[in-house]
Amino acid sequence: MKKVALVTGANTGVGFQIAKALANNNYIVYIGSRDLQKGEAAVSEIGSNAKVIQLDITNAEAVEAAVATIREEFGYLSLLVNNAAISHAGKVGRTMEEIIAAQKPSIVSISELQTVWNTNVFSTLAVTQAFLPLLKAAPSARIVTVSSALGSLTINSNPHNPYRSAFDAVYGASKTALNGIFVSLAIELENTGVKVHLVSPGFTATALNNFQGTDTVEFGSLEPIRVALAEDLPNGSFTGPAGFAGTDNILPW
């Protein structure tokens, strides 16, 4: 039985690197992309194991259409990688520092907070709910959700954490909420054939942070790729890059 994966937000960045690695390891990979042309360009670069699927995770009709396509073509899904996310919904062209300054809880636009959380938290769960029947139809399946060490309350409670000031109410706290919901899902699914994992790429230079991250996208993709390919990790794991995380790459919640 062929292994079938869907990666959301896969036309660029970490999502693209994960999709490419899965295709190279004999998965059939659906490249989820809001922009169909960008998705097609990614597929042409990855090769024959990749298939484009137009998917805006905030659009319920698009999500249902994607579910219908994969149900019709395969009838199951082996792996769902929740990668699509946004860091802000404000004015474009700002530096990462300007964005973080505007997203402090005392002054943040509630409308912007709702927009980002709608993508990063609510729509990520909605996509997962929509694909759960196909995941349960696979012999064994996994949900890998790209989170962030920035969402760790334990790390942010440490005054010696150099990234502490970047923990904002919009993006950082959305990852905390995401972690909480997917731990809850891991508990719910622990006696099923579906495992749930959360993974942090680290401070990777992508469009999320105006390409100001300190790690290359290739380096930042190493841990998400490891988790996406691993089938023996414990359910409910939260891991991050080697050198930053603890033993077995485990991150604290």
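## Basis of the description

Local features require pLDDT of at least 70 in this predicted model, side-chain atom pairs count only at pLDDT 80 or more, and totals for chains, interfaces and linings use all residues. Residues are numbered from 1 along each chain as its sequence is written, and side-chain values use heavy atoms, with hydrogens and water left out.

Helix 3 (residues 60–73) packs on helix 5 (residues 110–136) at about 15°, with the axes 10 Å apart. Helices are DSSP runs of H or I with at least four residues, numbered from the N terminus; axes are lines fitted to C-alpha atoms over the stretch in contact, with angles from 0 to 180 degrees between N-to-C directions. Helix 3 and helix 5 are therefore roughly parallel (angles under 35 degrees; over 145 is roughly antiparallel, 65 to 115 roughly perpendicular, and the rest oblique). Their crossing is right-handed, a term used where the near helix is turned clockwise from the far one by less than a right angle. In contact (heavy atoms within 4.5 Å) are Val 63, Glu 64, Ala 66, Val 67, Ile 70 and Arg 71 of helix 3 with Val 127, Ala 130, Phe 131 and Leu 134 of helix 5. These residues comprise eight nonpolar, no polar and two charged; Ala, Val, Leu, Ile, Met, Phe, Trp, Tyr, Cys and Pro count as nonpolar, Asp, Glu, Lys and Arg as charged, and the others, Gly among them, as polar.

Helix 5 also packs with helix 7 (residues 171–188), at about 25° and with axes 8 Å apart. This pair is therefore roughly parallel, and its crossing is right-handed. The contact has 11 nonpolar, four polar and no charged residues.

## Helices 1 and 9

The axes of helix 1 (residues 13–24) and helix 9 (residues 222–229) come within 9 Å and cross at roughly 40°. The two helices are therefore oblique to each other, and the crossing is right-handed. Val 14, Gln 17, Ile 18, Ala 21 and Leu 22 of helix 1 meet Pro 224, Ile 225, Ala 228 and Leu 229 of helix 9. By class, eight are nonpolar, one is polar and none is charged.

## The second largest pocket

The lining of the second largest pocket includes Met 1, Lys 2, Lys 3, Arg 142 and Glu 231. Its residues divide into four nonpolar, three polar and five charged. A pocket is an open set of points on a 1 Å grid over the protein atoms alone, where a 1.4 Å probe fits, with protein on both sides within 12 Å along at least five of seven lines; lining residues have an atom within 4 Å of a point.
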